[in-house]
Amino acid sequence: MFRERSVRIAAWISCSFLALFTVVPVLWIVATAFKTAAEINAWPPTFLPSAPTWANFDEIIYHTEFPRYILNTILVSTVSTVCIMITSSIAGFVFAKYKFPFRGLIFMVLLASATIPLEAYMIPVYIMVFKLKMLNTFAALILPLTIMTFGVFFMRQVIMGIPDELLEAARIDGASEFWIYLRIILNLSKNGLMAIGVFAFTQAWANFMWPLVVVSTGDMYTTELGLAVYQRAFYTEYGPIAAGAVISIVPMLIVFVALRRHIMAGIATSGMKG
Amino acid sequence: MKRRSVLLGGAALALTGLTSVGRGPAQAADTTAGRLSIWLGYGETAPAFKAALPAFKALYPNVEVELLSFDLHEYEAKLSVAVPTGNGPDILTLHDYIFPHYYDGDALDDVPADLAKVVDDPKIIDPVFKDVCSRDGKPWGVPWWKGSRAFFYNVDHFKEAGLDGPPKTLKEMWDYSEKLTKKAPDGTITRAGITLRLTEGSGGLQKFSDHYYASTGHQILEAGPKPGTVRVTLKDKDNLEAGTKLLLDYVAHLHGPKKVDDWALKHDTQGFANGLASMLFREDWAVAFIRKNGPDVKFATAPLPRDKAWGNFHLVEILSVNKTSKMKKPAWDLIRLLQEQQYLDIVLQQSGWVPLRMDRDFSAFLSKNPEYKAFLEPTPGYQAYLEPPNVAYVEATARTGDVILAGFRDASLLDNPEGAKAVLFKAYDTAANILKRSGIFAP
Amino acid sequence: MSDVILPPQPSSLPARLARGWARMKRNHIGFVICALGPVLALFVVIRIYPIAETIRLSFYDYHITRRSNPFVGLGNYAYLFEDGPFHEALVNTILFSMLAVVATLLLALACAILLRSIEKAAPIYELLFYIPVVTPWVPASVIWKWIFDPTFGALNYALSFFGVARLGWLQDPTLILFALVAVSVWKMVGYFVVIFGVGLRAIPEELLEAADLDGATAWRKLTRIVLPLMRPIILFSVVTCTIINFNVFAPVYVLTASSQGAPAYDFKVLVGEIYSNGFVYYHMGYAGAQCVVLLLFVMSLLIVQFLAFREKK
């Protein structure tokens with residue numbers, strides 16, 4: 001995009017600084033996972049563990065059912081991600097490319113529904129899930145995570161950039177609207193879709209309040225719930241929590257790398273040419 | 001994996017438990033089947049339940065016990081959604097201050113006669129703790145353990161300052177704190193003489209209230225004449241005077257030449273465990289925390305300092321059974337089991353919270369853990385008091401605390417009795433408005 | 001185009017229906033209904049209905065644990081005017097959001113654009129920027145408390161080289177605002193780098209190559225080609241970043257609400273107040289009224305943002 005030497009130098013320097021800012025605290029968490037409780041609370045704080053220990057990892061792996069929690073979370077996050085990729089892309093497509101009555105109003109209502117956090121309207125959802133006899137099921141865990149307003153909005157913005165001529169050309173060739181969605185839109189908005197996938201997975205993984213209220217047995221726990229065990233009434237055992245965080249960051253980064261691998265510069269461009 | 005370790009540990013305990021079966025609820029194995037669920041806001045008390053499981057399993061071989069623990073605030077949120085819709089756990093572990101919500105919401109099962117008798121017996125449960133879980137004399141739960149505050153002091157710091165024991169009065173406390181404070185040449189405090197509670201409304205108000213009680217013999221919020229109502233004592237003539245003096249003492253020791261504590265210091269139990277403070281007021285759990293996180297700190301505990309009055313605030317955890325439970329009988333039987341010495345010992349050992357049964361003996365524990373002296377040893381004349389049971393407790397203390405804590409930050413209150421009085425008036429109005437809004441204000 | 005332009009006709013009912021049918025067919029209403037219908041149904045069930053219910057309950061003195069929940073009309077709304085902590089939260093949230101939105105988006109946009117000039121390293125940088133997004137708040141809070149600690153914190157240590165005296169980043173009512181902005185930028189910047197990355201990759205390389213041939217400077221390419229083409233993605237980012245930051249709660253909670261360590265100033269924010277009223281103080285109806293304020297406030301901001309970004313035709 002920019003090949004100027006000065007821009008490239010500026011890029012290396014500023015991005016490296018930002019990377020330091022984002023990564024150093026996380027490395028500190030990783031180091032914390034290997035410290036004893038006394039060292040974590042020691043003052044002044046240390047960066048590297050003075051006597052590295054696996055005790056925190058032992059604690060969460062052998063004294064909780066952490067592997068089970070991870071599997072549960074992977075299940076919930078994966079299903080949620082697939083649902084959100086489908087619902088976001090199709091709704092984004094419709095909002096971007098079709099005219100229909102109340103389009104602007106409906107879109108604004110969807111957006112408005114994202115301005116209030118789930119905690120605030122959780123109880124009516126809970127009562128509904130209860131009446132459907134779905135409490136303490138994976139279906140209940142996933143239900144609020146099947147849609148994402150930002151996903152619809154983002155896909156709308158991305159798909160708006162796809163030229164109408166491509167759609168018209170396909171229609172002249174006799175393509176159905178659904179075929180256009182599957183073959184043209186999904187293909188040309190792949191970058192955006194993968195990004196939404198990453199966000200959906202992250203959001204589902206970090207979800208806390210909803211699992212807290214709908215789950216009532218240990219075998220349905222997600223990792224975030226499992227780690228909350230170490231928050232006592234008046235203090236927190238940070239060692240096991242840091243160890244759990246280190247373990248649970250890994251799957252998310254794998255998903256990030258896996259989905260981002262599909263994103264290449266110029267896909268949209270070449271698509272437009274074709 | 002958790003389950004396996006519980007079972008293994010359980011097998012060992014079952015053997016030792018056999019000897020005491022005679023004292024337990026003597027029933028033949030029951031055929032009830034299903035799941036008994038227990039949620040805890042105090043995860044540190046889970047080991048007591050786990051230890052009692054084998055004995056419980058002997059009574060109910062077909063009942064699966066599900067024990068989940070949560071962060072306290074999250075637990076309270078989860079409970080408030082689940083119980084009213086009939087999805088709550090079978091055993092409710094309730095704090096005295098959320099108890100009224102569940103009592104008023106008609107969510108609690110009747111306490112069986114034998115347990116009610118235990119709760120009613122002043123030789124077994126101090127009536128102060130019975131009252132908090134009762135309405136019209138009828139108990140709705142079994143008080144399980146109490147948390148209370150004690151005075152913690154760093155023995156080495158005291159020696160170094162030439163002080164040979166904990167302060168007995170509030171005045172001594174302030175004097176000692178001045179002697180114990182360490183300052184850098186430029187005047188910044190490097191070690192607090194006393195770590196005061198300077199943040200978080202309700203926590204801040206509670207600690208201020210300890211001193212307010214000592215100065216006045218009253219709590220800031222006291223039970224009104226009608227059950228469930230509350231009156232605010234801040235404006236009563238003697239209290240206003242003593243309260244103003246107390247607030248001025250706080251301000252004087254947070255600003256100006258007599259400063260003994262600073263917002264920019266590591267605070268509270270952690271500050272104390274790091275040796276950055278010489279005196280602290282905290283609950284039972286702090287003993288284990290300081291031992292674990294500040295292994296080099298030598299400390300002891302003592303009753304809170306006195307002034308006009310001498311007493312100590314308590315919080316209480318109550319065991320109740322959910323009215324919508326399908327497992328009421330097993331639930332009450334598990335609660336009965338938990339009353340046994342060996343499981344109460346585990347509560348004390350694992351969490352530091354002190355079981356309320358006065359007919360049980362914890363002297364062996366105390367002799368091994370002398371730091372618990374102030375929590376376990378009865379002190380004649382030292383009053384135990386609790387929050388007045390009411391539905392607005394958390395809100396009223398949090399918001400009133402905000403007003404008092406803002407006062408601590410205000411350096412213009414130095415030697416300014418009128419200003420301090422204005423803060424107390426504002427605190428009074430804040431508390432009164434909240435109580436009025438909930439319809440429980442007593443003038 | 002397959003549709004026919006209908007000649008003017010007398011507006012008899014069948015004719016009008018026919019015209020309407022033709023228009024619907026032209027606009028693919030059938031597909032719109034089939035495609036959007038299920039998604040909208042989901043929105044209604046898990047978002048719009050529960051929010052509407054929350055708003056309905058804001059006219060009651062409601063809490064789920066109570067047996068009687070009397071209707072209080074506008075009582076909860078009237079209380080909004082006398083609720084000091086709520087006003088404090090409103091002001092704090094607005095200040096925080098303004099700073100956080102501007103800081104996050106400028107930083108993310110700049111880095112996303114710069115990354116396009118070092119395309120080979122971009123995936124690694126994007127990964128590094130994204131790590132905080134996936135890092136749970138609770139362990140992160142310990143680290144940030146260490147960084148901001150007045151006595152031994154990394155930040156004050158670094159500042160001491162410039163002769164800055166001990167600052168209570170989390171203790172001072174003003175400084176805590178900046179500390180929270182820094183933490184929220186740390187958490188969210190990677191998210192927006194990815195978003196802007198998607199938008200930037202959609203810009204046809206040919207346009208920039210043509211500009212290079214014309215001898216355009218980097219700045220000119222940026223302002224004349226890149227930013228205008230990024231308009232939809234920038235609008236998206238401004239809107240979502242505003243919503244996210246008006247919903248701020250987690251960083252405030254983990255950095256301030258602790259009974260341990262250095263005491264932090266109790267920085268009130270809207271969602272914190274909503275949560276406290278709903279789940280801690282047992283005033284769910286009142287929390288609903290606060291939600292309505294949040295909704296109206298953010299929506300009016302969003303409408304202004306949409307108008308500002310409207311394509312000028």
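Author: Gladly! Let us start with residues 127–147 of chain C, a span that is 90% helix and 0% strand, with its end C-alpha atoms 23 Å apart. Do keep in mind that this is a predicted model.

Reader: What makes residues 29–49 of chain C count as helix?

Author: A helix here is a DSSP run of H or I with at least four residues. Residues 29–49 of chain C are 100% helix and 0% strand, and their end C-alpha atoms lie 25 Å apart.

Reader: Which spans of chain C does UniProt call "transmembrane region"?

Author: The unreviewed entry gives that annotation to several spans of chain C, including 29–49 and 127–147. The label comes from the record, and such annotations may be inferred rather than shown by experiment.

Reader: How do you know which residues of chain A and chain C are in contact?

Author: Two residues qualify if their C-beta atoms, placed from the backbone, lie within 7 Å. On that basis the contact takes 85 residues from chain A and 85 residues from chain C. Helix α1 (residues 5–32) of chain A gives the largest share of chain A's side, 17 residues. That side has 62 nonpolar, 15 polar and eight charged residues.

Reader: And how many residues of chain B are in contact with chain C?

Author: Here 29 residues of chain B are in contact with 22 residues of chain C. Among the elements of chain B that give two or more residues are α3 (72–82) and α17 (393–409). By class, chain B's side has 10 nonpolar, 11 polar and eight charged residues.

Conventions
Residues numbered from 1 in each chain as written. Chains lettered and ligands numbered in written order. Predicted model: local features only at pLDDT ≥ 70, side-chain atom pairs only at ≥ 80, totals over all residues. Nonpolar A, V, L, I, M, F, W, Y, C, P; charged D, E, K, R; others polar.
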